Amino acid sequence: MAAVSSFSDRGGNPQDVFVRLGVALPGLDLLFRTGTGVPVWAYPVEAGEGFDHWLRLRRLHERTGLYPFLVGPGDETADLAYMAENDCDPTAVERGLAMDAARRLAELAESQNTMSIEDVFLNPDLDAQPSPEPEFVWDKQETLVGLIPARAGYEVPGLLSWQGAVNCDLDGADHVAILKRWHDLHGAQLVTLSFDMLELLVPTPPMDPREAATTAVEQYAYCPDAVDQGVGSLAALAAGQVRSPSWYFWWD
């Protein structure tokens, strides 16, 4: 992989790098820099094109060192930029990589008095079904596709000191740790990161009922709104989203 600092240390636009790889990115421009100087570039795409662009750029990540993510429409970026520029924590990525994500999720579950894995397993929702294809909110609308120097997608919330879930006492390091856990277990890859929403592509979601129940409890600990303002029960979460190839998280 290209050194992740290569573009951070230069003020230039990486357009030439992509042109040499046979990819044109019309409108690519600097969106903002984090408080530690990490640049985020972006360019606009039409509704229905965002995920295709993400896939193409994701395949080039090892050659460019730039990780793609869907940012949302232009008017969604101001708060994201403000967090990254003004509330930047330079330790977030390394703290997240050193964190025990399973223990952190257990702490969150205990603080929320979450339903036990056994109860979720023994009370399945027979009506909820997984989505057969990955679906992403900003893929359905005009969006900006962002690019950031990162070794992996799970580092991006840490690099941006992302506070979209601050109301649930989660900081950038927590997101790094938890997303890395799901990456290691299920191949989960960050696709979307906007002001208060995060979406993952999950190539190998857990299909075993007990494993799905375990992951549902973890997802609820991570994002209670996935149930409380979403599917309505942990059993529905385990039968539906958890077994789907894309995971959606939104915090009120």
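Reader: How many disulfides does the count come to by the rule used here?

Author: Zero disulfides, where a disulfide is a pair of cysteine sulfur atoms within 2.5 Å. Before we go on, this is a predicted model, in which local features need pLDDT of at least 70, side-chain atom pairs count only at pLDDT 80 or more, and totals for chains, interfaces and linings use all residues. Residues are numbered from 1 along each chain as its sequence is written, and side-chain values use heavy atoms, with hydrogens and water left out.

Reader: Why is the sulfur of Cys223 too far from the closest cysteine sulfur for a bond?

Author: The closest one, in Cys168, is 6.7 Å away, and a disulfide needs the two sulfur atoms within 2.5 Å. So that pair is too far for a bond.

Reader: What makes Thr34 count as buried?

Author: Its relative accessibility is 5%, so Thr34 falls on the buried side of that cut-off. Thr34 sits in the loop between β1 (29-33) and β2 (39-45); strands here are DSSP runs (E, at least two residues), and helices are runs of H or I with at least four, both numbered from the N terminus. Leaving out residues up to four places away in sequence, Thr34 touches Ala84, Glu85, Cys88, Leu159 and Leu160, contact meaning heavy atoms within 4.5 Å.

Reader: And Asp89, buried or exposed, or something in between?

Author: Partly exposed, because its relative accessible area is 25%. You'll find Asp89 in the loop between α4 (77-86) and α5 (92-98). Its C-alpha atom is 5.8 Å from that of Ser161, although the two are 72 residues apart along the chain.

Reader: Why is α6 called roughly perpendicular to α10?

Author: The axes of α6 (residues 101-111) and α10 (residues 209-222) come within 8 Å and cross at roughly 70°. That makes the pair roughly perpendicular, since angles of 65 to 115 degrees get that name, while under 35 is roughly parallel, over 145 roughly antiparallel and the rest oblique. The axes are lines fitted to C-alpha atoms over the stretch in contact, with angles running from 0 to 180 degrees between N-to-C directions.

Reader: Which residues meet there?

Author: Leu105, Leu108 and Ala109 in α6 meet Val217, Glu218, Ala221 and Tyr222 in α10.

Notes. Buried means under 20% relative accessible area, exposed over 50%, partly exposed in between (1.4 Å probe, protein chains only).
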